[in-house]
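The following paragraphs lead through the structure shown below, from its nonpolar cores to its strands, aromatic rings and charged side chains.

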Amino acid sequence: MITSHLSPTPKPCVPSPLHSSFHHNHLAVHLPLPLPLPRHHRHLAKPTAVAAAAPDLLSSVESVASAASVLAAIVLVHESGHFLAAASRGIHVSQFSIGFGPALARFRLGAVEYALRAIPLGGYVGFPDDDPESGFAPDDPDLLRNRPVPDRLLVVSAGVVANLAFAFLIVYAQALTVGVPVQAQLPGVLVPEVLPGSAAARAGLLPGDIILAVPGAAPDPSVPILVDLIKASPSKKVPITVSRPTPGAVDRQSVELTVVPDTSADGTGRIGVQLSPNFRVTRVRPQNLADATVLAVREFTLLTGTVFDGLRQTLLNFSQSAEKVSGPVAIIAVGAEVARSSADGLFQFAAVINLNLAAINLLPLPALDGGTLALILLEAARGGRKIPREVEQGIMSSGILVVLMVGLFLIVRDTLNLDFIKEML
């Protein structure tokens, strides 16, 4: 959820899990992004001694607070984009809220009520367009719905623009302070994890092995090539050459193995491993501001391409990748893991979530900024003839209903997948 409305002054509502923007927009995040996560998830609190329990719990609370603060800041930026765009055009605004649920603090400045609410997973900018108690006449030219198409396009798109700009500033700050991570591609495919009892385990494959050669993939295999080979080889012998670390030595040894993939339910082969490109990450620090700008532009471009490509792959292969779309619970869990492993990683986490929010909100779906933009552009294509109000409200209401249902599902699913919840069940 990371939700937000840019709609008539909203009543308190249940936010939908993963989103933020114009009419209930989502931040549906495709989590397998280039975040600096540790290889294995750690439990939020699993102390081995009473003396360690308090520090572990404190560390977990601080990490979760850091991740939640990042999300709240991203929502603030998004909503500020909408708000400032409206204010710059003299458009009436009635509410600016960060969070949902009960108000922790609120004050009024001019005609706008500002509020900080208990659940920092969303926000909204409220417009008095349909509020009969606002005191504005229905034909007031400064109501959002009565403004010309360019003004409304500016207000609706400003949240996405704000998130893109904020993501770049985060990357630029990262370049200036801790440096930008640069990946150097190395030969082979890394095996981070091997499932016990799997075909790979039976063949002698170990975590940390690097697969250097397989049939038909000379001289250097890739993850897609390996996956296709394994799927096409159920119950067949597949010889592989791996590089394995030698205990107490710097050099690695070459080991020849033969793996026989098990047959999965759909008839394809599987061996029970996690595969990853083999690369080394180093940090490059700029020598001056010009260097920092070049590094930031390059990193921002790479992250943007990765996020938008990940979204494209998710949409094209939704049945296979739907489980990777995560709600606020999973986002905070990942952010907390990043914060625990490295505070530097919060830079990239924040940038990626900003870019995800921008990408999702551009989708032309009801309840997203992109859906509202599509309706405005349709109006422009109709020569300025407005879409009937009841039709527009029906489209948005149905979109919000779907968002709420999906949001509730994601919250429940992601909560049940938390390590400490699994231990309790």
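**Cores, strands, rings and charges**

The largest nonpolar core has 30 residues, of which Val 70, Leu 303, Phe 349 and Leu 355 touch the most other members. A nonpolar core is here a set of buried Ala, Val, Leu, Ile, Met, Phe, Trp, Tyr and Cys residues joined through side-chain atoms within 4.5 Å. Buried means under 20% relative accessible area, exposed over 50%, and partly exposed in between (1.4 Å probe, protein chains only). The elements that give two or more residues to this core are H1, H2, H5, helix H7 (328-341) and helix H8 (345-361). H8 gives the most, with ten residues. Helices (H or I, at least four residues) and strands (E, at least two) are DSSP runs numbered from the N terminus.

The model is predicted: local features need pLDDT of at least 70 and side-chain atom pairs count only at pLDDT 80 or more, while totals for chains, interfaces and linings use all residues. Residues are numbered from 1 along each chain as its sequence is written, and side-chain values use heavy atoms, with hydrogens and water left out.

Leaving aside neighbours within four places in sequence, Leu 355 is in contact (heavy atoms within 4.5 Å) with Leu 164, Ala 167, Phe 300, Leu 303, Thr 304 and Val 307. A second, separate core has 19 residues, including Leu 205, Val 238, Leu 257 and Val 259.

Strand S7 (residues 238-245) comes next. Six of its eight residues are buried, so S7 is largely enclosed by the rest of the structure. Two strands pair if DSSP finds at least two bridges between them. S7 pairs in the antiparallel sense with strand S6 (residues 210-213) over three bridges, and Ala 213 stands opposite Thr 241 in S7. S7 also pairs in the antiparallel sense with strand S8 (residues 252-259), over eight bridges. Here Ser 243 has Ser 254 in S8 as its bridge partner.

The aromatic residues give another view of how elements are connected. Rings of Phe, Tyr and Trp (its six-membered ring) pair if their centres lie within 6.5 Å; planes under 30 degrees apart count as stacked, over 60 as edge-to-face and the rest as tilted. By this rule there are six aromatic pairs. In one of them, the ring centres of Phe 83 and Tyr 114 are 6.0 Å apart and the planes stand at 65°, so the pair is edge-to-face. Because Phe 83 lies in helix H1 and Tyr 114 in strand S4 (residues 112-127), this pair ties together parts that are 31 residues apart in sequence. Both Phe 83 and Tyr 114 are buried. Phe 168 and Phe 300 also form an edge-to-face pair, because their planes lie at 90°, with centres 5.6 Å apart. Phe 168 belongs to helix H2 and Phe 300 to helix H5, so the pair ties together parts 132 residues apart in sequence. Phe 168 counts as partly exposed, at 23% relative accessibility. Elsewhere, ring pairs link Phe 83, Phe 96, Phe 107 and Tyr 114 into a cluster.

Charged side chains complete the account. A salt bridge is a side-chain nitrogen of Lys or Arg within 4 Å of a carboxyl oxygen of Asp or Glu, and the count by this rule is nine. Asp 151 and Arg 89 form one through their side chains (3.0 Å, N to O). This pair links distant parts of the chain, with Asp 151 in helix H2 (residues 149-177) and Arg 89 in the loop between H1 and S3, 62 residues apart. Asp 151 is buried at 7% relative accessibility, whereas Arg 89 is partly exposed at 38%. Arg 89, Asp 142, Arg 147 and Asp 151 are linked in a network of salt bridges.

What does the side chain of His 92 contact? It makes a polar contact with the side chain of Asp 140 (3.3 Å). A polar contact is a pair of N or O atoms within 3.5 Å; within protein, one must be able to donate a hydrogen and the other to accept it, and residues adjacent in sequence count only if both atoms are side-chain atoms. His 92 is found in the loop between helix H1 (50-88) and strand S3 (95-109) and is buried at 18% relative accessibility.
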